[in-house]
Amino acid sequence: MAAPMKKTFYYNFFPTKAEEQEEAKKGGSSSGEKQISRVLIEMHDFPDNQPPLLLKHTDPRGIIKAVSVSEIQMGILFFSFSETFEHVLRHWNLDEVSLVLSGYNKFHVLVKDVTDHDETEYRSDRIFFQRLQNDEFYILGCLDVIRNRYLSAGDEIGLAWERDRNGKGMFLFKLLSRSKRAPANIMF
């Protein structure tokens with residue numbers, strides 16, 4: 001089995017000589033003022049013998065976060081660009097990443113709740129991953145998971161992207177701890 005591929009952005013800050021000459025032919029400035037472009041590339045990353053995700057506080061491969069009131073009310077989880085890039089997109093293939101980055105498409109995903117021994121899988125139109133317009137945040141629409149787990153503000157969850165032996169990708173979700181605040185109260 002080949003080593004998984006890591007995604008990273010390659011930024012092109014400097015124009016090539018050909019680009020400078022082309023800009024000069026168009027009558028533009030050759031002062032080097034160029035639109036900085038970025039391209040998504042892949043490179044080898046992880047060793048083959050990586051252990052399965054445990055979704056614990058000590059596992060750096062997962063996202064650990066406290067759920068907010070607005071996330072519960074809207075049925076979505078917010079993730080920063082850096083969290084998403086480091087813990088989700090780098091594990092996707094280039095086609096999956098391109099679909100999400102190319103527009104504001106909803107990428108339908110599988111969410112597997114591994115909190116209990118009887119793991120529950122969620123897949124529906126309401127389970128999706130999407131980039132927001134400002135390009136700094138991504139969301140995981142998971143209304144069914146939030147409802148079924150009776151999440152409250154401050155509850156701590158773990159989330160990670162994992163592929164099974166057949167290559168099928170899924171988000172692993174785990175309720176790590178309950179908030180010390182009031183019991184679960186969801187308004188729907």
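This is a predicted model: local features need pLDDT of at least 70, side-chain atom pairs count only at pLDDT 80 or more; totals for chains, interfaces and linings use all residues.

The protein chain contains 5 helices and 11 strands. Of its 188 residues, 38% count as buried. As for contacts with a separation of 6 or more, 67% are made by residues 24 or more positions apart.

Let me turn to the open sheet. In what order do its 4 strands run? The order is E4-E9-E8-E5, with antiparallel pairing. Strand E4, residues 76-80, and strand E5, residues 107-108, stand at the edges with a single partner strand each, so one side of each has no neighbour in the sheet. Within this sheet, strand E8, residues 127-131, and strand E9, residues 137-142, pair over 5 bridges. Phe128 stands opposite Gly141 in E9. Helix H4, residues 94-102, lies across E5, E8 and E9, and runs at about 65° to E8.

A further set of pairings involves strand E10. Strand E3, residues 63-66, and strand E10, residues 156-163, are antiparallel and share 4 bridges. E10 also pairs with strand E11, residues 169-177, again in the antiparallel sense, over 8 bridges. Glu156 illustrates both pairings: Ala66 stands opposite Glu156, and Glu156 stands opposite Ser177 in E11. The hairpin of E10 and E11 has 5 residues between the strands, and Gly167 there takes a positive phi near 90°.

Next, the interior. In soluble globular proteins, nonpolar side chains tend to be buried together. The largest nonpolar core in this model has 30 residues. Which residues have the most contacts inside it? They are Trp92, Val109, Val111, Phe129, Leu140 and Phe171. At least two residues of this core come from each of E4, H4, E8, E9, helix H5 (143-149), E10 and E11.

Is Asp155 buried or exposed? Asp155 is buried, with a relative accessible area of 1%, and its place is in the loop between H5 and E10. The side chain of Asp155 has a polar atom 2.8 Å from the backbone nitrogen of Ser152, and this side chain also reaches the backbone nitrogen of Ser179 at 2.7 Å. Setting aside residues up to four places away in sequence, Asp155 touches Lys65, Ala66, Val67, Tyr150, Leu175, Ser177, Arg178 and Ser179.

Arg126, by contrast, is partly exposed, with a relative accessible area of 42%. Arg126 lies in the loop between strand E7 (120-122) and E8. Which residue does its side chain join through a polar contact of 2.7 Å? The partner is the side chain of Asp144. Apart from neighbours within four places in sequence, Arg126 is in contact with Gly141, Cys142, Leu143, Asp144 and Arg147. Finally, the C-alpha atoms of Arg126 and Ile76 are separated by 9.5 Å, although these residues are 50 residues apart along the chain.

Thank you for your attention.

Key
Residues are numbered from 1 along each chain as its sequence is written. Side-chain values use heavy atoms; hydrogens and water are left out. Buried means under 20% relative accessible area, exposed over 50%, partly exposed in between (1.4 Å probe, protein chains only). Contact means heavy atoms within 4.5 Å. Two strands pair if DSSP finds at least two bridges between them. Axes are lines fitted to C-alpha atoms, for helices over the stretch in contact, and angles run from 0 to 180 degrees between N-to-C directions. A nonpolar core is a set of buried Ala, Val, Leu, Ile, Met, Phe, Trp, Tyr and Cys residues joined through side-chain atoms within 4.5 Å. A polar contact is a pair of N or O atoms within 3.5 Å; within protein, one must be able to donate a hydrogen and the other to accept it, and residues adjacent in sequence count only if both atoms are side-chain atoms.
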